[in-house]
Amino acid sequence: MRRKWKFRKLSIKMQVMLGIMSVLMVSSMILLAIFYGNLKGFYAERVRSIQRNSMETLVNDLEGIIKQCETVSDQILGLVVFQEELEGYSEKSAYEKLQITRNITSQLTNIKISNSLVDNIYLLNFDGNGFSTNSNWNREVFSEALPEPLDVDQLGETIVLPPAPALYGYTSSSSTPVMIRFLTYLNRFTESKAVGAVQIDVNYYKIEEAVKKAVTGDGDFTFIVDDDGMLIYAPEKEQAGKLAESVSYEGFDLGELTDRENLSEENGYTLRTEQISGSSWRVVQMNSDIALHQEMKKAAGTWLAGILAYIVCAVSVSAGIARGLTRPITNIISSMKDVGNGNFGISLSRPDSRELADLVDSFQRMVREVEHLMKANIQKEHEKTAMQMQALNAQINSHFLYNTLNTIKWQAIRNGNTEIARSIVALSEILEYSCKDTDGQVPLAEEFRFIDDYALLQNMRYNKNVRIEYNTDEASGQCRVLKMLLQPLVENAFMHAFEGREKNGSKTGTDGGTDDTDSLIRISCGVREDMLNISVRDNGKGFTFRGMDQLNGIGLNNILQRMKLNYGESCHMEIHSENGIGTEVLVMIPAVYEEGEDK
């Protein structure tokens, strides 16, 4: 019911427009939801296809690397001259050894140049001599790094060694590259006892380059292991050459991933694995769903853009239909607003609809009646104002009141009633002072004289003997303040602070005795930082002050309002009171000096 009521509070045009737009939006949302579901399946299959193709590309590149290394080994084995020239190498003369070294190194270099994959080639015979395309290699370090020492009687085999720094060949380089070594013991291939082993070095970055080309998206990672569980390639270069079971990456144990089946899924990843033919290598690739999410995000952006465009079209169409249906009603509403603003001369054309035509006729009659009532009301207000002016003119002239008080004063003096005469003088000055401009400013000394006259009358009226003391500095004596600014503060002291005190200043206690106390109101004024600070302090009974909003009287609130009207927010008022000690009201206003006076 509550939502229905809020809908009814909308304008007719808005209700019609929302109804049409709702029908359009619901139908379009259903169609778009179906489209989005089909689109998600399309993108999922597209990402999986890219991942499969990437895996196939990587496997083909790695198989190409293995085959190229085998080709290089076959080329080296085909150099029969090596077998002949190395026979009895240790017994040859120095010149013959030099010629053999040059010949073999030249042919090894030609093989290296024709195969860009190969970084360096090393050839080692059984008598400790060797040949290499790497002029910086160290034969002793190379021999010590062999997994098995050379032996004339060994059968021979081909071994792919895990990645390791090539310390034996690059001891003079500033940075040591990581190499994957293809080592072949040759006795199985030849009956010659001269050549013991051939090693082909492939730089690690060749494998890394092939893997990086196959990464399909953010979050994917790939590693390569051999049959012994050694990492030929790892997501981080420092992990290469270690056992897979000892390495973790992105929260996964690489050794555990190696044992899983192809296309297994976990934590938003799909595992793909494949054996590299012609080698002991196995590729494991983890494909993240991030790529799918990225594709869906792009699709969602397009989808949202289509929704926004459709919303704009739906709003435009529904607004146009609603405008045509509700235009006569909106014209009547607009005319009502004009009447509310005082324009009674409007005229509406009658619409074609019978119901709306009756509504327009009724509205026109109402406007004429309201105009008649307004004119009558204005005439009555003029008559009321004239009567008020006549009442003001009939009031007693203020000068007549002053003259009468003067006459009474002199009669009191002739009769020896000086106290009455003083009271009449004080009353006359108060009346004269109060008849001035209420919001005007007066010199501070003139305000003090008004306070003295007021205190004289209050002491006489309430049978009290309250003294007024003034303490001002030179600068404050030249200031001007709002007229009657201090009178409410002094009145509060008379009415509340000294309540219960007798004329001699004594106060009746709870035990029937008296407490002699001089009733005093001290008014202190001083100028500090262009602000006039006025303190009105009494030694009355005090009270518990709980804030300005807790005060019931109108005097202090009236002062604060007058101050803010005249001085703005720069003025301030504070009240400090303590039971049995007294009350202090502190007023702070901008210092305004009399004309011709310096600060």
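Q: Let's start with Ser-535: why does it count as buried?
A: Its relative accessibility is 9%, so Ser-535 counts as buried. Buried means under 20% relative accessible area, exposed means over 50%, and partly exposed is in between, with a 1.4 Å probe and protein chains only.

Q: What should I know about the model?
A: It is a predicted model, where local features need pLDDT of at least 70, side-chain atom pairs count only at pLDDT 80 or more, and totals for chains, interfaces and linings use all residues. Residues are numbered from 1 along each chain as its sequence is written, and side-chain values use heavy atoms, with hydrogens and water left out.

Q: OK. Which strand is Ser-535 in?
A: Ser-535 sits in strand S19, residues 531-538. Strands (E, at least two residues) and helices (H or I, at least four) are DSSP runs, numbered from the N terminus.

Q: What does its side chain join up with?
A: Glu-584. The two side chains make a polar contact of 2.6 Å. A polar contact is a pair of N or O atoms within 3.5 Å; within protein, one must be able to donate a hydrogen and the other to accept it, and residues adjacent in sequence count only if both atoms are side-chain atoms.

Q: And which other residues does Ser-535 touch?
A: Leaving aside neighbours within four places in sequence, its contacts include Arg-522, Ile-523, Ser-524 and Val-585. Contact means heavy atoms within 4.5 Å.

Q: Which strand does S19 pair with over eight bridges?
A: Strand S21, residues 582-590, in the antiparallel sense. Two strands pair if DSSP finds at least two bridges between them. Within this pair, Arg-537 stands opposite Glu-584.

Q: What's the order of strands in the sheet?
A: Five strands form an open sheet, in the order S14-S18-S19-S21-S20, with mixed pairing. S14 (467-472) and S20 (572-578) stand at the edges; each has a single partner strand, so one side of each has no neighbour in the sheet. On average, neighbouring strands of this sheet are turned by 15° against each other, direction ignored. Axes are lines fitted to C-alpha atoms, for helices over the stretch in contact, and angles run from 0 to 180 degrees between N-to-C directions.

Q: Which helix packs on the sheet and touches S18?
A: Helix H13, residues 487-497. H13 touches S18 (520-528), S19 and S21, and its direction makes about 150° with that of S18. Helix H14 (residues 555-567) lies across S20 and S21, at about 155° to S20.

Q: Last one: which residues of H6 are buried?
A: In helix H6 (residues 204-214), they are Tyr-204, Ile-207, Ala-210, Val-211 and Ala-214. They cover an arc of only 135° around the axis, which puts them on the same side of H6. The arc is that of the directions from the helix axis to the C-beta atoms. On the other side of H6, Lys-212 and Lys-213 are exposed.
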